[in-house]
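Reader: I would like to go through this model with you and ask, for each label, on what grounds it is given.

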Amino acid sequence: MSDTTIETATATAPARRRAGMPLAIILALGWIGLVLFVALAADWINPYAFTAMDLRNRLAAPVFMGGSWSHPLGTDELGRDVLSRLIVSIRMSLLIAFGATLISAALGVALGFLAAHFRGLAEQAVMALVDFQAAMPFLILALAVLAFFGNSLALFICLLGLNGWERYARIARGLAISAGAQGYAAAVQQLGASPWRVYGRHVLPNIASTLIVSMTLAFPEIILLESGLSFLGLGVQPPGTSLGNMVGYGREYLTRAPWILLAPSVVIVLTTLAVSMLGDWLRDRLDPTLR
Amino acid sequence: MTPLLEARELVRRYSMRRGMLGRPVEVRAVNGVTLRLEAGRTLGLVGESGCGKSTTGRMVLGLEAPDEGDVQFEGAPMPPPGSLPWRRQRARMQMVYQDPLGALDRRLPIGVQVAEPLQIHGLPADATRVHALLRQVGLRPDQAERYPHELSGGQRQRAVLARALATDPVLLVCDEPISALDVSIQAQVMNLLVELQQQRGIALLFISHDLRAVRQMSHRVAVMYLGRIVEEGEPDAVLHDPAHPYAQALVSAIPDPTRRGNRIVLQGDPPNPAARPSGCAFHPRCPLAVSLCARQAPALKPRPGDGRLVACHVAQGEAAPMRKAA
């Protein structure tokens, strides 16, 4: 008797949750899925090579502005297909933004936990690094690193990952210390758990909601930072392309050919919006007390 | 027979700073506590808040290292906190907390949390074992799927107990385990603790400020004041006929409808461990204090008449009281 009630309880629970998923989240998930698909399948769905020039069709208008279907989103000043460039840019920008966000979150959380666990000297060292990072203009750091080590994609992603780690470190340290004071972390430690278990299984899931929100806030920032650096000639260099890079170079043709700038801008706005909404929803979903 | 747990002359100091530029002041939270606990017995530790009960409990469990003195568990000294032997030893000694909601991870169902000590110590952690533990503390096995916030206060405390009992510990330190619960549930949890002790022969260190609870639970009672044990003995003896003036005041504070007008109301401020009075720490508030009390701290020793352990010059007959107790 009691067994059947347990079974029905567990069977109905997921259905209730799925029914509660709002339309906006479905749209956001759909958009992110589409963008990820485009990024992964870029080589197969590209109508043209992204560097291929069509000099007779320079600055051709997109379909919705009276252009032809041979270049659905128009072409730029060198006659390169905007759609093809957009597809390759999405791949590049997503790689940079996801990579950098994950690197900075992992670095920040690891250092924050180190500080919270060992306290004393280790904590002071980490906090001094945090203050240093917060006080240092990131552009100067980026210029110095790229000037000394040259520019490569891996280095660029790592560099952007260095931007903003101090926020995660502060959050992770503060929340880990308060978790210890709240009792559940201390209680698990008292059970004989190793620090790996305490932080990995208890503290991290408990503070994940705050970290996820902070990551969704950092994600658009990194896309914009990448475009800024690319514009300064520090980021993705021509002939390579990224969303920020396209916006930067399309700026000069803003009045004559706004579609060059419009397409990547729309993608940036929609992607960051979708990531933010998804993060917010995920935070609520991951918290069993709010269900 | 060596006792299960023996603590000798424990001292724990904290440094406290008054204001931004103040000099650090040493606070002796625990100042020379000696206690012993035999297997299967209960020692009740009572005293007002801030007297060092919880710190004593934490040092006895090895969660904090004492600044002076030592703790022997099963005849061996306590390993340093956080080390591997210390972590292994956690399977033998466990803690029950005052605030069960704070002590449980609100993101995990309680079944998972009850299984956790078993996983940590490499014991089989299958569902039948978890369900048996839950049943033992009076929870239903299907409540293993519940999250802590979905349970009532008493059920949460039972879940904490199930987790503490999972590895079959021989010592349980209960730090105010019932003070966050309402009265009917307090009785249930106390009965459960007594029942579990009888079944499993667990030794309990029962820390509380509730004298009735301590009397019901304990085989021996120790009364603490400002980091020291001032009286120790059988619960009925200590709580019916206290020898130490502080214990007398404490006992007279229990509401009793049959007693008329002989309640001892202590004068003066509650004690401040940062500014410890000279001699006997209780002398500024003590109705019986004599000049010797301000000069010399009394030792905890058996009283000449009946052998009750008490730390008081007057009770020991070393000094005559100045005036009768009010």
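**Grounds for the labels**

Author: Please begin with the interface; the model is a predicted one, and between chain A and chain B the count is two salt bridges.

Reader: What makes the meeting of A:Arg201 and B:Glu116 a salt bridge?

Author: The side chains of A:Arg201 and B:Glu116 come to 3.6 Å, N to O. The rule asks for a side-chain nitrogen of Lys or Arg within 4 Å of a carboxyl oxygen of Asp or Glu, and therefore the pair qualifies. Across the interface of chain A and chain B there are also nine residue pairs in polar contact, both partners being at pLDDT 80 or more.

Reader: Which helices of chain A each supply at least two residues of the side that touches chain B?

Author: They are helix H9 (184-190) and helix H10 (195-231) of chain A, and H10(A) gives the largest share of that side, seven residues. By residue class, the side of chain A that touches chain B divides into eleven nonpolar, ten polar and four charged residues.

Reader: How much area do chain A and chain B bury between them, and which residues of the chain A side lose the most?

Author: The two chains bury about 2,200 Å² between them, 51% of it on carbon and sulfur atoms. In chain A, the residues that lose the most area to chain B are A:Gln190, A:Leu191 and A:Pro288, together 31% of what that side buries. The contact takes 25 residues from chain A and 26 residues from chain B.

Reader: Why is helix H11 of chain A called largely enclosed?

Author: Buried means under 20% relative accessible area, and six of the eight residues of helix H11 (residues 243-250) of chain A are buried, so the helix is largely enclosed by the rest of the structure. The buried residues of H11(A) are A:Leu243, A:Gly244, A:Asn245, A:Met246, A:Gly248 and A:Gly250, and what covers them includes helix H4 (82-118), H10 and helix H12 (259-286) of chain A.

Reader: Which residues touch the most other members of the largest nonpolar core?

Author: In that core of 96 residues they are B:Leu161, B:Leu171, B:Leu172, B:Leu193 and B:Val223. Leaving aside residues up to four places away in sequence, B:Leu161 touches B:Val96, B:Val137, B:Leu172, B:Leu192, B:Leu193 and B:Leu196. A second, separate core of 43 residues includes A:Leu94, A:Ala100, A:Ile223 and A:Ile268.

Reader: How many helices and strands does chain A have?

Author: Chain A has twelve helices and zero strands, and of its 291 residues 43% count as buried.

Key:
Residues are numbered from 1 along each chain as its sequence is written. Chains are lettered from A and ligands numbered from 1 in the order in which they are written. This is a predicted model: local features need pLDDT of at least 70, side-chain atom pairs count only at pLDDT 80 or more; totals for chains, interfaces and linings use all residues. Side-chain values use heavy atoms; hydrogens and water are left out. Contact means heavy atoms within 4.5 Å. Buried area is the accessible area (1.4 Å probe) that two parts lose on being put together, summed over both. A polar contact is a pair of N or O atoms within 3.5 Å; within protein, one must be able to donate a hydrogen and the other to accept it, and residues adjacent in sequence count only if both atoms are side-chain atoms. Helices (H or I, at least four residues) and strands (E, at least two) are DSSP runs, numbered from the N terminus. Ala, Val, Leu, Ile, Met, Phe, Trp, Tyr, Cys and Pro count as nonpolar, Asp, Glu, Lys and Arg as charged, and the others, Gly among them, as polar. A nonpolar core is a set of buried Ala, Val, Leu, Ile, Met, Phe, Trp, Tyr and Cys residues joined through side-chain atoms within 4.5 Å. Buried means under 20% relative accessible area, exposed over 50%, partly exposed in between (1.4 Å probe, protein chains only).
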